[in-house]
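Hello,

I am handing over the structure below for your own work. My notes on what was found follow it.

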Amino acid sequence: MPIKDDLLALAKATRRLVSVKVAELGGAKVWVRELTARERDDFDEAHEESNGKTGRKEYRAAMVASCLAIEDGTDMFGPADVGKLNELPERVLGKLFAACNRVNGVSEKQLEEFTRIPSLSKLAEAVVPVGTT
């Protein structure tokens, strides 16, 4: 099969789903799903300010809402839940946000460029991946 067909076949493949332990939930697992390129572009566009920079308002909560899923990969949250997620303690939302970015291959440098959020390495270290499916 030509490489073009191989690449296009990835669009039909099941996206990665990674379980993450959350200590604040008694060690319970949540599932973080991989976004498609279109989902990520739509997300970034929705958070772009008029100056072309990404706005910070509810950015992290919206990313968490976009990535958290139930075990079968179905969305756990929707846009209506973003405000409620934004009320989570910072230590919890920060860990989930770091996990979403790690699963989706967003580097700290890219994240800082997109959102002007300082380094998340300490938060990323606090999230313990349990396994993948």
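**Helix H2**

In H2, the buried residues are Arg40, Phe43 and Asp44. Viewed along the axis of H2, these buried residues fall within an arc of 95°, so they line one face of the helix. Arg38, Asp41, Glu45 and Ala46 are exposed on the other side of H2. Please keep in mind that the model is predicted.

The largest pocket has a volume of about 210 Å³. Its lining is made up of 13 residues, and those closest to the centre are Phe43, Ala62, Ala65, Ser66 and Pro79. Two elements give two or more residues each to this lining: helix H2 (37–46) and helix H3 (59–67). By class, the lining of the largest pocket holds seven nonpolar, two polar and four charged residues.

The second largest pocket has a volume of about 180 Å³. Leu10, Ala11, Ala13, Arg15, Glu34, Leu35, Thr36 and Ala37 line the second largest pocket. Five of these lining residues are nonpolar, one is polar and two are charged.

**Cysteines**

How many disulfides does the structure hold? The count is zero. Cysteine 67 is in no disulfide, and the nearest cysteine sulfur to it, that of cysteine 100, is 3.8 Å away. Likewise, cysteine 100 is in no disulfide, with the sulfur of cysteine 67 as its nearest cysteine sulfur at 3.8 Å. The cut-off matters here: a disulfide requires the two sulfur atoms to be within 2.5 Å, and the sulfur of cysteine 100 lies 3.8 Å from that of cysteine 67.

Are these two cysteines buried or exposed? Cysteine 67 counts as buried because its relative accessibility is 0%, and cysteine 100 is buried as well, with a relative accessible area of 0%.

**Alanine 28**

Alanine 28 lies in strand E2, which covers residues 28–33. With a relative accessible area of 33%, alanine 28 is partly exposed. If neighbours within four places in sequence are left aside, alanine 28 is in contact with Val20, Lys21 and Val22.

Regards

Conventions
Residues are numbered from 1 along each chain as its sequence is written. This is a predicted model: local features need pLDDT of at least 70, side-chain atom pairs count only at pLDDT 80 or more; totals for chains, interfaces and linings use all residues. Side-chain values use heavy atoms; hydrogens and water are left out. Helices (H or I, at least four residues) and strands (E, at least two) are DSSP runs, numbered from the N terminus. Buried means under 20% relative accessible area, exposed over 50%, partly exposed in between (1.4 Å probe, protein chains only). Contact means heavy atoms within 4.5 Å. On a 1 Å grid over the protein atoms alone, a cavity is a set of points where a 1.4 Å probe fits but cannot get out, and a pocket is an open set with protein on both sides within 12 Å along at least five of seven lines; lining residues have an atom within 4 Å of a point. Grid points are joined across faces, edges and corners, and a volume is the space filled by probe spheres set on the points. Ala, Val, Leu, Ile, Met, Phe, Trp, Tyr, Cys and Pro count as nonpolar, Asp, Glu, Lys and Arg as charged, and the others, Gly among them, as polar. The arc is that of the directions from the helix axis to the C-beta atoms.
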